[in-house]
Amino acid sequence: GNSSNPVKGIQIKGFVFKHAARTFMDNKEPLLRSDWTVYRGGALFFDGAENCTVSNCEFDQVGGNTIFINNYNRRITVIGCYIHHSGASGVVFVGDPATVRSPLFRYGKQNYATIDRTLGSKGDNFPEDCLVENCLITMTGRDEKQTAPIQISMSYRIRINQCSIYDVPRAGININEGTFGGHIIENCDIF
């Protein structure tokens, strides 16, 4: 779907997803203000959806990203899921860099003479008002280097609540560059 014609109301409940193919070395798209790259794909992939839910599912040894919420998505909920032994990241929210004013794909100084200082985004092609709640996410990043159980980049108002995240190679929750902001992380156990 897309913002003018979104997919709506999909409910995925009680499934077990196992043994999806690895995506090692396919993560080549750079993210903003970092050395991170991403592969836009996952065992579940949302693109242009609204009011969809993934609940009470188990994701066991998927080779790449587990759930990828890509570009325009609104009110996607991941609740009560057990995600373990993923090759890459657990739940990933990544928007379109074209919606960011003066995006920078590296560390370093910005050119203040040419920076776009207009408030707000340049479009709506990013995840917004999404929720990850009551999930157990462990042992992600088994095959890939730049991973996180929950990855947020170029997104707005993502809420992470009552999740337990542990035994992972990097950050439990990675807010890549903070673009658009408004995120709430609460009541989580991350170690």
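1. Glutamate 133 counts as buried because its relative accessibility is 16%. Buried means under 20% relative accessible area, exposed over 50%, and partly exposed in between, with a 1.4 Å probe and protein chains only. This is a predicted model: local features need pLDDT of at least 70, side-chain atom pairs count only at pLDDT 80 or more, and totals for chains, interfaces and linings use all residues. Residues are numbered from 1 along each chain as its sequence is written, and side-chain values use heavy atoms, with hydrogens and water left out.

2. Glutamate 133 sits in strand S11 (residues 127-133). Strands (E, at least two residues) are DSSP runs, numbered from the N terminus. Beyond its neighbours within four places in sequence, glutamate 133 contacts Val78, Ile79, Gly80, Arg159, Asn161 and Cys163. Contact means heavy atoms within 4.5 Å.

3. The largest nonpolar core has 28 residues, and Phe59, Ile67, Phe93, Val132 and Ile150 touch the most other members. Such a core is a set of buried Ala, Val, Leu, Ile, Met, Phe, Trp, Tyr and Cys residues joined through side-chain atoms within 4.5 Å. Two or more residues each come from strands S6 (44-55), S8 (67-79), S10 (91-94), S11, S13 (150-153) and S14 (156-161). S6 gives the largest share, five residues. Another core, of 10 residues, lies apart from it; Leu32, Trp36, Phe68 and Met154 are among its members.

4. Not counting residues up to four places away in sequence, phenylalanine 59 touches Phe17, Leu44, Val54, Thr66, Ile67, Cys81, Tyr82, Ile83 and His84.

5. A disulfide here is a pair of cysteine sulfur atoms within 2.5 Å. The closest cysteine sulfur to that of cysteine 57 is in cysteine 81, at 4.9 Å, so it is too far for a bond. For cysteine 130 the closest is in cysteine 52, at 9.8 Å, also too far for a bond. Cysteine 57 is buried, at 2% relative accessible area. Cysteine 130 counts as buried, at 2% relative accessibility.

6. There is one cavity of 30 Å³ or more. The largest cavity has a volume of about 70 Å³. A cavity is a set of points on a 1 Å grid over the protein atoms alone where a 1.4 Å probe fits but cannot get out; lining residues have an atom within 4 Å of a point. Volume is the space filled by probe spheres set on the points. Of the 13 lining residues, Thr37, Val38, Asn65, Ser89 and Gln146 are the closest to the centre.

Notes: Helix = DSSP H or I, 4+ residues; strand = E, 2+ residues; numbered from the N terminus. 1 Å grid on protein atoms, 1.4 Å probe; cavity = no way out; pocket = protein on both sides within 12 Å on 5 of 7 lines; lining within 4 Å.
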